[in-house]
Amino acid sequence: MGMGNAPVIILREGTKREKGKDAQMNNISAAVAISGAVKSSLGPRGMDKMLVDSMGDVIITNDGVTILKEMDVQHPAAKMLVEVAKTQDAEVGDGTTTSVVLAGELLKKATDLIDANVHPTIIAKGYRMANEKAQEILEKIAMKVSIDDTKTLKLIAETAMISKQVNQSKELFADIVVDAVKTIADKKGKGYDIDLKNITTVKKAGANMEETEIIKGLVIDKEPVQLNMEKVVKKAKIALIDSAFEVKKTEIDAKIQINDPAQLSAFVKEEENMLKRMVDKVVASGANVVFCQKGIDDPAQHMFTKAGIYACRRVKKSDMERLAKSTGANIINNISDLEKTDLGYADCVELKKVGEEQMTFISGLKDPKTVTILVRGGTNHVADEVERSLVDAWSVVKVAIEDGKMVTGGGSTAMEIAMQLRDYAQSVGGREQIAIEAFASAMEVIPSTLAENAGQDPINILIEMRKQHKGKKLYAGFNPYTGKVEDMKKLNVIEPYRIGTQAINSATDAAVMILRIDDVIAAATHSGPGPQDMPDMNDMM
């Protein structure tokens, strides 16, 4: 109110504002609802989600980040949890559901503390201290792994795929994944530089997923412009052309008047000569394979066939760039500039039939640090899910090699952190102690959810796990297949160290950020939804 009791208006008309405890609780409810939406998909016994977009396209998956990306989330606090999943996916490639479930549980525990009149800044401070300690504990209990330990790397890949549809053939896929990552790994100093862009997938439905294969080279989804061209070219000298083998059209409207047949014949002949000069330039360079990013006219196609040159047209720019990197060829914009030194090399360029389609396989490359995975599946949906699973698996193998560390899964690491955090809390004292204890309890949501999704009593499982961890059994975790608490190290349930560090870090950051908000001011909008239009997140729980 103003000094003359007149209201002072500082916000535009229609602006919505929530503040104080209401704002905090609404934000927490929205974030917890997002966590609840993916919770049932955690672990090997987790359920899949069917997602149908506005175009009617269907995705069936239990991959946390895929589910959240496809959900049309509008609440700003809920969007922050979606960002947690995206960050986890970008940094590690797996553990997205874990990070979101953990963030939701941290906020749920914070609600109890806020109700008990613990100030959100105290909770935030306690959570920060707990996060720091949790990272120390993770570092201490992590085990070493190296790029030479193929057996362990395969186990890490298998653990990433254990909750996916590919679980039944996880050994086969683990072989492919580890082979692919080790092929592209480049030693830099004491570590390795692994650029996952050097692994490409080509999906083709119509076969069992077990027919998925790794090709040490490239597969281009193109066939030669004429089917009577050579099907196999050994010792291929490859030209990459970013220019059309076509007669150039004028940029302005032009009219040519021809008065007699001789002139017409001369005109057509000159057009052919123009194309012939282009093809002759390729022949003179010594190339026997041409990949062209633009079109190739019919007469030029015929000339390439006669010259015994394997030619593909309208090759994607991304494929041209991969070909250049892998074969050592230069991409030429002007055909007249093509020289022998611009050619790349591959031992073999071959046309192969995959399903009902013909594709070009390039193998024996100059730079072997490029692989292609030919992903198969009974339907497009299955092939899509196989691809998502493989991407997760090679991402975790990559970070395991880069960090050289791993921890055990099955909720064993989360439980060990929870146990040690409780001891740490007692040494801290004050109100922060309560927040650290709440953080420790939140960590137990991982084994608890694994047990719940496997149809077991989570309380009994937690009691048994606490008992075993108290008895110094660091690797005691939940086995969803037997419903018992067992040694995860002996069961080879292993995951990269970075899954844990990143999940705990990003979950803590999101929880603290949401807790510190006590005022939500939403601008008026005519096209987008305002707070009054926000979905009732409780319906999602």
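Me: Hi! I'm looking at Glu-387. Which helix does Glu-387 lie in?
Reply: Hello! Glu-387 sits in helix 11, which covers residues 380-403. The model here is a predicted one.

Me: Is Glu-387 buried or exposed?
Reply: Glu-387 is buried, because its relative accessible area is 18% and the cut-off for buried is under 20%.

Me: What is Glu-387 in contact with, if I skip its neighbours within four places in sequence?
Reply: Leaving those neighbours aside, Glu-387 is in contact with Thr-201, Lys-203 and Val-375.

Me: And how many residues apart in sequence are Glu-387 and Lys-203?
Reply: They are 184 residues apart in sequence, while their C-alpha atoms are 7.8 Å apart in space.

Me: Let me step back to the whole chain. What share of contacts join residues at least 24 apart?
Reply: Among contacts between residues at least 6 apart in sequence, the share is 75%.

Me: How many helices and strands are there?
Reply: The protein chain has 16 helices and 21 strands. Its C-alpha trace spans about 100 × 75 × 45 Å along the principal axes. The chain has 541 residues, and 50% of them count as buried.

Me: Which residues in helix 3 are buried?
Reply: Ala-77, Ala-78, Leu-81, Val-82, Val-84, Ala-85 and Gln-88 are the buried ones in helix 3. Seen down the axis of helix 3, these buried residues fall within an arc of 165 degrees, so they line one face of the helix.

Me: Why would residues spaced like that point the same way?
Reply: An α-helix has 3.6 residues a turn, so residues three or four places apart point the same way.

Me: What do the buried residues of helix 3 pack against?
Reply: They pack against four helices: helix 1 (21-39), helix 2 (64-70), helix 4 (96-115) and helix 16 (497-515).

Me: And what turns up just after helix 3?
Reply: Gly-93 is there, with a positive phi of about 95 degrees.

Me: How about Lys-235, where is that?
Reply: Lys-235 is in strand 10, residues 232-241. Lys-235 is not a glycine, yet its phi is positive, at about 45 degrees. Lys-235 is exposed too, with a relative accessible area of 59%.

Me: What classes of residue line the largest pocket?
Reply: The lining of the largest pocket has 25 nonpolar, 18 polar and four charged residues. Among the elements that each supply at least two of its residues are helix 4, helix 12, strand 17 and helix 16.

Me: And the second largest pocket, what volume does that have?
Reply: The second largest pocket has a volume of about 250 Å³. Helix 12 gives the largest share of its lining, six residues. By class, the lining of the second largest pocket has two nonpolar, three polar and six charged residues. Glu-416, Arg-422, Asp-423 and Lys-470 are among the residues that line it.

Me: How many cavities of 30 Å³ or more are there?
Reply: A search of the whole structure finds one. The largest cavity has a volume of about 40 Å³.

Me: Which residues line the largest cavity?
Reply: Its lining is Ile-141, Val-407, Thr-408, Ser-412, Thr-413, Leu-474 and Tyr-475. Strand 17 (405-408) and helix 12 (412-428) are the elements that give two or more residues to that lining. Four residues of the cavity lining are nonpolar, three are polar and none is charged.

Notes: Residues are numbered from 1 along each chain as its sequence is written. This is a predicted model: local features need pLDDT of at least 70, side-chain atom pairs count only at pLDDT 80 or more; totals for chains, interfaces and linings use all residues. Side-chain values use heavy atoms; hydrogens and water are left out. Buried means under 20% relative accessible area, exposed over 50%, partly exposed in between (1.4 Å probe, protein chains only). The arc is that of the directions from the helix axis to the C-beta atoms. Contact means heavy atoms within 4.5 Å. On a 1 Å grid over the protein atoms alone, a cavity is a set of points where a 1.4 Å probe fits but cannot get out, and a pocket is an open set with protein on both sides within 12 Å along at least five of seven lines; lining residues have an atom within 4 Å of a point. Grid points are joined across faces, edges and corners, and a volume is the space filled by probe spheres set on the points. Ala, Val, Leu, Ile, Met, Phe, Trp, Tyr, Cys and Pro count as nonpolar, Asp, Glu, Lys and Arg as charged, and the others, Gly among them, as polar.
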